[in-house]
Each structure stands twice: as structure tokens, then as C-alpha cells.
Amino acid sequence: MSLLGSAQGQGTPTSSTADAMVKSLGAAFAACGTTPVLSRPLSLAAADVMNGYELQAALQRQQFRAHGLYLAGMTYNGDVGWVKAQITRQCGKFVGFRSFGLSLDGTRMKLILATEARVDLSQSQRWMTEFLEATNRARFQGQKCGGKLMNAVPPLKWDARLAGAAARHAGDMVRLNFRGHVNPVDGSRAQQRAAALGFVGVAGENVAYGPITAQEAVKNLLTSPGHCENLMDPHWTLFGGAVNNGVAGSIFPTYWVQVFGVETR
């Protein structure tokens, strides 16, 4: 089965034309130094756009949550080489995306490039290493949190109990479809979640919604004065983190949780 979205109409292209277009686009992307892969959901979304849907509505129909997005529409009149030339002359528009979708009707085409807003959870250990490193890098550099200057503070150490509390909260936000720091079912906060895992001390929490890398999550948190001050608090000595992907119907595509702590025993 072809991955291309099919825009129904008199000019529906043959499979050979579609294959030639995909091959030509691959060459054009490679010439631009990028390698997005053909995506069936994006191709179906491109077909929806061809048939009159707004882009966001088309993506929602295909349950594709995009992190970074570009839509190109061209009247190419069957000239595949012309399309390749247009791409390579405007490389900057097409770089930085992981996937693309394509719909053709023989004379027109819709091309969507996007990066899906999901985290590869099989790489969780790597993400958590980067989450701690990005957090400590921000603490080492010092920050301006809103109008407040925060001096550099010591690095944090990983703590498995705080990480467990972060993972519980990230999972509950997806499972129960809520945002914030208070679990709407059991009323727990970061302090109680950490204590339930054997942590004796004080705990605090930051949550970021939507980023697909640990670095983006920390950058996002630093733009919020309250979260920034919490991250830069010199009293914290320990850190645990977690990330989870949303599901269909979730408020956000991703959920990143930082839990900070200082033991009192």
C-alpha cells in the first residue's frame, strides 16, 4: 500500500508518478542536508488539506501532534524535476523536520513537513541523563528569572526516590488527563509522592508540557519565573526526573517532571 495521501479527482496521479515524486523529494532533501522520512499520517493529512481542510484540523483527523511544522502547496503540472529544483532553492524552509507527507492530484501537490511531538521512551535513561545535565548547566550558569537575578548554585545529584515520584506524576497526568502539581484523585503533591517512596525531607516540583527533548524542557521552564526560581533554588541538593507521552485525548503531547529535594535526616 502506498504511503501517499490520495486526493480524489480526475487528476489522481499514477503510482509511478507518486514514486517518482517521492524519489525526487528524497534527492532534494538530501541536497539540503536533511533526511525526513515519508509518513502515512502526514500524507493522509496532506490529502485532507488538498480536499479543503485546515492544516490543524487535518493533523487532528490523523491524530498527529506536530512539534515544528511546515506546509507547502505547489502547482507542478506533472513536472517532478521542477519540484526538486524549488526545494533545493529554498532549503532553509525544509530543514529540521523528521517526517514528511505528500498528496498529489496530477497537477497540484501538498507537502507537509513535521516532527512528531513524541519522546522515544525506550531511550528514557539517556533522556534523564540529559535532563539532569541540562538542569545542572542552567544552575551553573546562573539565571535571570523574570526580573530576579539568580546566582550560580551547586549541581544536583540524581535520586531514585525522587525519580520515582516524578515518574508517578508524569504517568498520572496522562492517565487522569490533568495538568498541575496536585493529583485530582488522591490530592497528593510532590512532597507526599516523594515520601511514599521513602524520601524523608522537603521536595518541590516543576512540570513542562510539550517539549520533545530534555534541553527544550529545561529551556521552557527557565522562561517561567516561578519554575526558574525553583530550579535555581540553592537549598535543593537532589534531583529526579521523568517524561511521558500523552495519548489520544491528552491535554498535551508530552509531560516532563522535575522533582527537587533536600533530605532532613
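In this predicted model, Cys32 and Cys91 are joined by a disulfide with an S to S distance of 2.0 Å, a disulfide being a pair of cysteine sulfur atoms within 2.5 Å. Cys32 sits in the loop between helix 1 (15-31) and strand 2 (37-38), and Cys91 in the loop between helix 4 (80-89) and strand 4 (99-104), so the bond ties together parts that are 59 residues apart in sequence. Helices (H or I, at least four residues) and strands (E, at least two) are DSSP runs, numbered from the N terminus. The torsion about the S-S bond of Cys32 and Cys91 is about -75°, and the disulfide is therefore left-handed. Cys32 has 13% relative accessibility and counts as buried; by the classes used, buried means under 20% relative accessible area, exposed over 50%, and partly exposed in between (1.4 Å probe, protein chains only).

A search of the whole structure finds two disulfides. The other pair is Cys145 and Cys228, again with S to S 2.0 Å. This pair links distant parts of the chain, with Cys145 in strand 6 (residues 143-145) and Cys228 in helix 9 (residues 225-231), 83 residues apart. Its S-S torsion is about -60°, so the disulfide between Cys145 and Cys228 is left-handed. Cys145 is buried at a relative accessible area of 1%, and Cys228 is buried at 0%. With the bonded cysteines numbered in sequence order, the pairing reads 1-2, 3-4.

Residues are numbered from 1 along each chain as its sequence is written, and side-chain values use heavy atoms, with hydrogens and water left out. Because the model is predicted, local features need pLDDT of at least 70 and side-chain atom pairs count only at pLDDT 80 or more, while totals for chains, interfaces and linings use all residues.

The pLDDT, the predictor's confidence in each residue from 0 to 100, averages 93 over the protein chain, and 95% of the residues score at least 70. Over residues 8-12 the pLDDT is below 50, and beyond near neighbours in sequence this stretch has six contacts in the model, a contact meaning heavy atoms within 4.5 Å. Where pLDDT is low, the predicted coordinates should not be read in detail.

UniProt, in an unreviewed entry, lists residues 132-260 as "domain: SCP". UniProt positions are given in the numbering used here, feature names are shortened, and annotations may be inferred rather than shown by experiment. The end C-alpha atoms of residues 132-260 lie 11 Å apart, and the span is 38% helix and 25% strand.

Turning to charged pairs, the whole structure contains 10 salt bridges, each a side-chain nitrogen of Lys or Arg within 4 Å of a carboxyl oxygen of Asp or Glu. One of them pairs Glu130 with Arg126 (3.3 Å, N to O). Both residues lie in helix 5 (residues 124-141), four residues apart, about one turn of the helix. Glu130 is buried at 18% relative accessibility, whereas Arg126 is partly exposed at 41%.

Arg168 and Asp186 also form a salt bridge (2.6 Å, N to O). Arg168 lies in helix 6 (residues 160-176) and Asp186 in the loop between helix 6 and helix 7 (190-195), so the pair ties together parts that are 18 residues apart in sequence. Asp172 forms a salt bridge with Arg175, the closest N and O atoms being 2.9 Å apart. Asp172 is buried at 10% relative accessibility, but Arg175 is exposed at 59%. Salt bridges that share partners join Arg168, Asp172, Arg175 and Asp186 into one network.
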